[in-house]
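Please take the sequence and the structure shown below as the basis for the explanation that follows.

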Amino acid sequence: FRETSQFFLLVPCFFPRAVCLISTELKSKDPDEIKPLIPHPNPVSKPPNGTDWITPSVPSARTDEQALLTSILTKTAQNIIDVSAADSVMMEQHEYMDKARQYSTKLAVLSTSLPQKKPLALPSLTSQPHQVLASDLVPYSDVQQVSKIAAYAYSAISQIKVDAKEDLVVQFAIP
Amino acid sequence: MSTAALTAGLDRIPDQLGYLVISEDGVLASAGELENDEHTAGVMMQMVRTASRFRLSGSTDPPFKRMSVILEDFVYTVTVSGQKVFVVKRQNNQHEPISV
């Protein structure tokens, strides 16, 4: 089964938009909470209607192979967010502190407003306790049958094994 | 209901060896082999509380009237009525049928 989880995957390089995709699964109404931590460097250069990058004017192979190569490199560079280039993508100190304070406050509010767990009241099983307790005991044959069923169930459960096929944790293949 | 009224009927249960009447606050009455047996009272309370949470699909009520803890020589029969737990220790006369 699937749980909505609160995590940010900061995936560098080739999938800058992945940060945005994952944050929208959090179902938060607050725009500040779903704003990506690493903003896209050139929003205007987003391709229209999700189509692939196509240069408006295709240079002729004879004279502009170099220009074509340069334009490809430029566009690729525009689409890459280099997380390691700390200076250009870090939040300002005060922004970071503000966000941290905002989250702490929200956490404090949520933890105090959680309802206290009350112990469940025992439901009444009968209005005739004496009659119920004085009735005939469970027949021995019934006890035997149930014991046998329980033994079969135990045996079946103890034969459940995990068949490990692949690693659960893998490295991102980023060249 | 007075304690006397609660326990009157329990005395007369066939082959009973002792009983407990327990509320959320503690043991209200005890007799016979279960006299002052707070340990057994605690265990029975936990067991019946757990069992009371079972539900058969499509039902809102617990699917049983009496819980029996069956041991070699005796049986604890347990039920709940009016916020009180009744435990009666009875002789276990149900044994392997003897084939002649």
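How many salt bridges does the rule find across the interface of chain B and chain A? The rule finds 0 salt bridges there, a salt bridge being a side-chain nitrogen of Lys or Arg within 4 Å of a carboxyl oxygen of Asp or Glu.

This is a predicted model, in which local features need pLDDT of at least 70 and side-chain atom pairs count only at pLDDT 80 or more, whereas totals for chains, interfaces and linings use all residues. Residues are numbered from 1 along each chain as its sequence is written, chains are lettered from A and ligands numbered from 1 in the order in which they are written, and side-chain values use heavy atoms, with hydrogens and water left out.

Chain A contains 7 helices and 0 strands, and along its sequence the pattern reads α-α-α-α-α-α-α. Helices (H or I, at least four residues) and strands (E, at least two) are DSSP runs, numbered from the N terminus. Of the 175 residues in chain A, 13% are buried; buried means under 20% relative accessible area, exposed over 50%, and partly exposed in between (1.4 Å probe, protein chains only). Chain A exposes about 15000 Å², and 61% of this comes from carbon and sulfur atoms. Such accessible areas come from the Shrake-Rupley method with a 1.4 Å probe, and for residues only the protein chains shown count as cover. Among contacts in chain A between residues at least 6 apart in sequence, 53% join residues at least 24 apart, where contact means heavy atoms within 4.5 Å.

The interface with chain B comes next. The size of an interface is often given as the accessible area lost when the parts come together. Between chain B and chain A about 2400 Å² is buried, with carbon and sulfur atoms giving 65%; this buried area is the accessible area (1.4 Å probe) that two parts lose on being put together, summed over both. In chain B, the residues that lose the most area to chain A are B:R66, B:V80 and B:Q94, together 23% of what that side buries. In terms of contacts, 21 residues of chain A meet 36 residues of chain B. The rule also finds 9 residue pairs in polar contact across this interface (both at pLDDT 80 or more). A polar contact is a pair of N or O atoms within 3.5 Å; within protein, one must be able to donate a hydrogen and the other to accept it, and residues adjacent in sequence count only if both atoms are side-chain atoms.

On the side of chain B that touches chain A, two or more residues come from each of α1 (3-11), α2 (38-51), β3 (67-70), β4 (74-81) and β5 (84-91) of chain B. The most is given by β4(B), with 6 residues.

Within chain B, B:N92 is found in the segment after β5. B:N92 is buried, with a relative accessible area of 8%, and its side chain reaches the backbone oxygen of B:L71 at 3.1 Å. Not counting residues up to four places away in sequence, B:N92 touches A:L137 as well as residues of chain B, including B:I70 and B:F74.

Strand β5 of chain B holds B:K89, which is buried with a relative accessible area of 8%. Leaving aside neighbours within four places in sequence, B:K89 is in contact with several residues, among them B:L17, B:E33 and B:F74. B:L17 itself lies in strand β1 (residues 16-23) of chain B and is partly exposed, with a relative accessible area of 23%. B:L17 and B:Q91 are 74 residues apart in sequence and 6.8 Å apart in space, C-alpha to C-alpha.
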